[in-house]
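Below are some notes on the model you sent. They go point by point, beginning with a surface feature.

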Amino acid sequence: MNLTAKDKNTVRTFWAKISTNAEDIGTDFCLKIKSFFPPFFRMLVVYPQTKTYFSHWKDPSPSSAPVKKHGATVMAGVADAVAKIDDLRAGLLSLSELHAFTLRVDPANFKVLSHNILVVLAISFPNDFTPEVHVAMDKFLSAVFHLSLMST
Amino acid sequence: MGGAQLDVYKVDLLGLLTHTRQRKQPNQNSKMVKWSDFERAAIQDIFSKINYDVVGCAALSRCLIVYPWTQRYFGGFGNLYNAAAITSNPKVAAHGKVIMAGLEKAVKNMDDIKTTYKDLSVLHSEKLQVDPDNFNLLADCLTIVVAGQMGAAFTPEVHGAFQKFLAVVVASLRKQYH
């Protein structure tokens, strides 16, 4: 999956525009605007098979500490990937190894998480999430998650 | 890396490894999809609120833009060279309405979408020869467009109901592929 220079610029520009809210997308913003639920929690609700990776959490509700924390961790990871967009392979190497060899997440689940991030972006930024931004973000997230799994 | 199995290994308090299998047993007696009251209400509510003219065109446009290989099925649509051309293409807009009309049939016949879509499925497989994996791509774009239109009302629970509805629609469209 090759990101063109135009894709990278679109992602950087869009992310800069929303980045005052990016962490909020992960946590508190969602509690302020009650129904905006973070992508990570949304994924757990809409695609319950993803909960199987988090059976060690007693409370999978959106206000629970582990869900909030992991939601923020995931979005911080995405923000980090934006900063490292010119060399995702090197930038994401340690995360890649973690998810592939330690956590052993089925690759299909990353596509699901990616979709949920896009849905929350569409809800949160309906005017900025144009088709051009959508395709750039989709390609970017595919590249990020592809690298998060295929570290070998 | 493993396949799509849903085995969950849990370590209980005594440190013994217990193996819990999560696999749905197929229900041999009922072939109908079961909808909860919430799901029915959520689907009806979504379709009563969304603007058909906007949503159909926007979803199809996004599909053609984000997944450009889908353009292979629309050779007769003229200018699809870039995002601006696609979103302003009148044939894309017209076809968006056709898609919404098809979805409306499913909403009106939620208890037997499979039969309702039998001819549509044959059309897509035998005449149009569409790779059925593409149905999921359009479904994803539709979800994103509906989410954008509905905003905060598109809660995870409503999203889940819509996801289930689209999964049934896609499965029904795949049914007559042999």
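1. In this predicted model, three leucines of chain A, Leu95(A), Leu98(A) and Leu103(A), make up a nonpolar patch on the surface. Together they have about 220 Å² of accessible area. Leu103(A) lies in the loop that runs between α6 (93-102) and α7 (108-124) of chain A.

2. As to chain A overall, the chain has 8 helices and 0 strands. The order of elements from the N terminus is accordingly α-α-α-α-α-α-α-α. Of the 152 residues in chain A, 51% are buried. The chain exposes about 7,200 Å², and carbon and sulfur atoms supply 57% of that area.

3. Contacts in chain A were also counted by sequence separation. Taking those with a separation of 6 or more, 74% are between residues 24 or more positions apart.

4. Helix α6 of chain B spans residues 118-127, and its buried residues are Ser121(B), His124(B) and Ser125(B). They lie on the same side of α6(B), because the arc they cover around the axis is only 90°. An α-helix has 3.6 residues a turn, so residues three or four places apart point the same way.

5. What do the buried residues of α6(B) pack against? Their partners are two helices of chain B, α7 (133-150) and α8 (156-174). On the face turned away from the buried side, α6(B) carries the exposed residues Asp119(B), Glu126(B) and Lys127(B). Gln129(B) follows α6(B) and has a positive phi, near 50°.

6. Helix α7 of chain B contains Ile144(B). Is this residue, Ile144(B), buried or exposed? Its relative accessibility is 3%, so Ile144(B) counts as buried, the cut-off being under 20%.

7. Leaving aside residues up to four places away in sequence, Ile144(B) touches residues of chain A, namely His115(A), Leu118(A), Val119(A), Ala122(A), Phe129(A) and His134(A), and also Arg62(B). For a distance within chain B, take Tyr73(B), which is 71 residues from Ile144(B) along the chain. The C-alpha atoms of Ile144(B) and Tyr73(B) are separated by 22 Å.

Terms used: Residues are numbered from 1 along each chain as its sequence is written. Chains are lettered from A and ligands numbered from 1 in the order in which they are written. This is a predicted model: local features need pLDDT of at least 70, side-chain atom pairs count only at pLDDT 80 or more; totals for chains, interfaces and linings use all residues. Side-chain values use heavy atoms; hydrogens and water are left out. Patches are made of residues with over 30% relative accessible area and no salt bridge: like charges are joined within 9 Å, nonpolar side chains (Val, Leu, Ile, Met, Phe, Trp, Tyr) within 5 Å. Accessible areas come from the Shrake-Rupley method with a 1.4 Å probe; for residues, only the protein chains shown count as cover. A salt bridge is a side-chain nitrogen of Lys or Arg within 4 Å of a carboxyl oxygen of Asp or Glu. Helices (H or I, at least four residues) and strands (E, at least two) are DSSP runs, numbered from the N terminus. Buried means under 20% relative accessible area, exposed over 50%, partly exposed in between (1.4 Å probe, protein chains only). The arc is that of the directions from the helix axis to the C-beta atoms. Contact means heavy atoms within 4.5 Å.
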